[in-house]
Structure formats: structure tokens, C-alpha cells
Amino acid sequence: MAGRVAVVSGASSGIGAATAEHLAELGARVALLARRVERLDALAARVDAAGGTALPLAVDVTDEAAVQAAAKRVAAELGDADLVLNNAGVMLPSPVEAVATDVWRRQLDLNAGGVLNVVGAFVPQLLRSVDERGVADLVNVSSVAAFGVFARFAVYSGTKAFVSHMSRNLRAELGPRGVRVTALEPGIVGTELQDHVTDENALEWLASTRSQHEWLVPEDIATTVGFLASLPPRVNLQQLTVLPTGQV
């Protein structure tokens, strides 16, 4: 990863933070995108203290103009991105009869709209990086919910199905031009994602899964991203499901 420029959205915690630190350890210069400034600054300080380079950028990825501005800063201060982890997202299950349109909209805006904003802002850099380095990577974080069936998760699962299917279509467009596109579909990972869940039935289900098997941790996904990025340029894993061993 030495000499590579990695952009990580949702970098203030969980998968994003762990992956940013891991990629920096491997030698990449990392741009950190998230809303929580203090978390970003603390992460950047850890990366810098370990001898890496990090650029914290306070960005709400649902704001297209803000993401475009962040992309310009990345190019100006670190160079064109050649690895993008499109990771920002939220999980807010609810029964459909509750008609929680605010919750639906939040998931659609972030899990689908935010992902698209990052794609739109950074794909031009990825294409330029291919010309310079011969390879670039776009890793979109989806979920096993993209193809699973879970009561009360209809909208969340729908947004993740969008991410997975969009990724396959993007690969058809960008793969022939040297950009590897991967839909990364984790099972249950212990992160702040679960902390936002308020539906009692969903919370009970999550608690039952934790009692049945050990969940993944963010570092498991971080090392997976590092593996994807380290493959020879001719190799593209277009869809990768990462499950806890005990999850069925």
C-alpha cells in the first residue's frame, strides 16, 4: 500500500476507523470522511503518531457539494485517490405498519444517496489513478441483508440490495478501464450500527444472535479490505461475503 491514497467514508468509528488505521499501517495515505470532528481528529492523531499520514475531513456524505469539495482537497493535499472504501451507513429497523417515513428517508439518503455521492466525487480520481498506477479500487460496503430476509429490516435491506447491485453494474462499466469494484457484504459486525437501533423486536433479535455466536469485529473487515487492495491488478473479487463462523 506504500504510495497509495485511500479514502474512507464513515471513518469516525467501527469499520471505517479500523480500516483507515489498517491501511495507514500498510503504508497508504488516508483521507478520513465523517461528520464527527473530534473523532476524526483523534483518529488522525493516532495515525500520525504511528508514523502514517491522515487527512481528517468533516463531511456529511449526504451533502453532494460537501463531498465534491472534500474530493478536491484529497487530490490537492494527498493526490488522487486510488482506493475508496464507501462505508458510511445506518441501520434503523422498524415495522412497516409504523410508517416511519423519517427513518426510511434517513436510510435511503445515507445508505444509497451518500454512497452515490462518494462514487460521483471519487470515480474520476480512481480513473486517473489507473493511468498513473495501473490499478484502483472501489469497495462499497453492503451487507448480507442485501440478499437476506429479515423482518423489520425491509428498508435497510433494500438500501443494501441497491449497493450490491449497483456495485455489479459499476464493475461492468469501470472494470474494463482498470478500476476494481467490490461489493463487500459483512454479516454481523459489532459496531455503533447496533447502537442506533430502537425497535425492541430488532434489539431482542440482535441480542439473541450475540448469545448464539461470536460477532465479527471491525478489524476483521479492515484486514479484508487490505487483502482486496493487495491482490494483483488482474484480480477483482466483485462480491465478497464475510460472516461470523457461527452465523447462518
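1. Start with arginine 152, in the loop between β5 (136-141) and α5. Its phi is near 75°, a positive value in a residue other than glycine. Strands and helices here are DSSP runs numbered from the N terminus (helices are H or I with at least four residues, strands are E with at least two).

2. Before going on, a word about what you're looking at: this is a predicted model, where local features need pLDDT of at least 70, side-chain atom pairs count only at pLDDT 80 or more, and totals for chains, interfaces and linings use all residues. Residues are numbered from 1 along each chain as its sequence is written, and side-chain values use heavy atoms, with hydrogens and water left out.

3. Valine 99 also deserves a look. Its phi is positive, about 45°, although valine 99 is not a glycine. You'll find valine 99 in the loop between β4 (83-86) and α4.

4. Now for the helix pairs. Helix α1 (residues 14-25) packs against helix α7 (residues 218-230) at an angle of about 50°, and their axes are 8 Å apart. Axes are lines fitted to C-alpha atoms, for helices over the stretch in contact, and angles run from 0 to 180 degrees between N-to-C directions. α1 and α7 are therefore oblique to each other (angles under 35 degrees count as roughly parallel, over 145 as roughly antiparallel, 65 to 115 as roughly perpendicular and the rest as oblique).

5. α1 has another partner, helix α2 (residues 37-49), with an angle of about 20° and axes 10 Å apart. That makes α1 roughly parallel to α2. The contact takes Ala17, Ala20, Glu21 and Ala24 from α1, and Leu43, Arg46 and Val47 from α2. Sorted by class, the contact of α1 with α2 has 5 nonpolar, 2 charged and no polar residues.

6. Next come α4 and α5, which pack at about 15° with their axes 9 Å apart. α4 and α5 are therefore roughly parallel to each other, and their crossing is right-handed. Among the contact residues are Trp104, Leu108 and Val115 of α4, and Tyr156, Phe162 and Met166 of α5. The contact of α4 with α5 has 15 nonpolar, 3 polar and no charged residues.

7. On a 1 Å grid over the protein atoms alone, a cavity is a set of points where a 1.4 Å probe fits but cannot get out, while a pocket is an open set with protein on both sides within 12 Å along at least five of seven lines; lining residues have an atom within 4 Å of a point. Points are joined across faces, edges and corners, and a volume is the space filled by probe spheres set on the points.

8. The largest pocket has a volume of about 930 Å³. Of its 43 lining residues, Asn87, Ala88, Gly89, Val90 and Leu193 are the closest to its centre. The lining of the largest pocket has 21 nonpolar, 15 polar and 7 charged residues.

9. How many cavities of 30 Å³ or more turn up in the whole structure? The search finds 1. The largest cavity holds about 40 Å³ of space, and its lining includes Asp137, Arg180 and Leu237.

Conventions. Ala, Val, Leu, Ile, Met, Phe, Trp, Tyr, Cys and Pro count as nonpolar, Asp, Glu, Lys and Arg as charged, and the others, Gly among them, as polar. A crossing is left-handed if the near helix is turned anticlockwise from the far one by less than a right angle, and right-handed if clockwise. Contact means heavy atoms within 4.5 Å.
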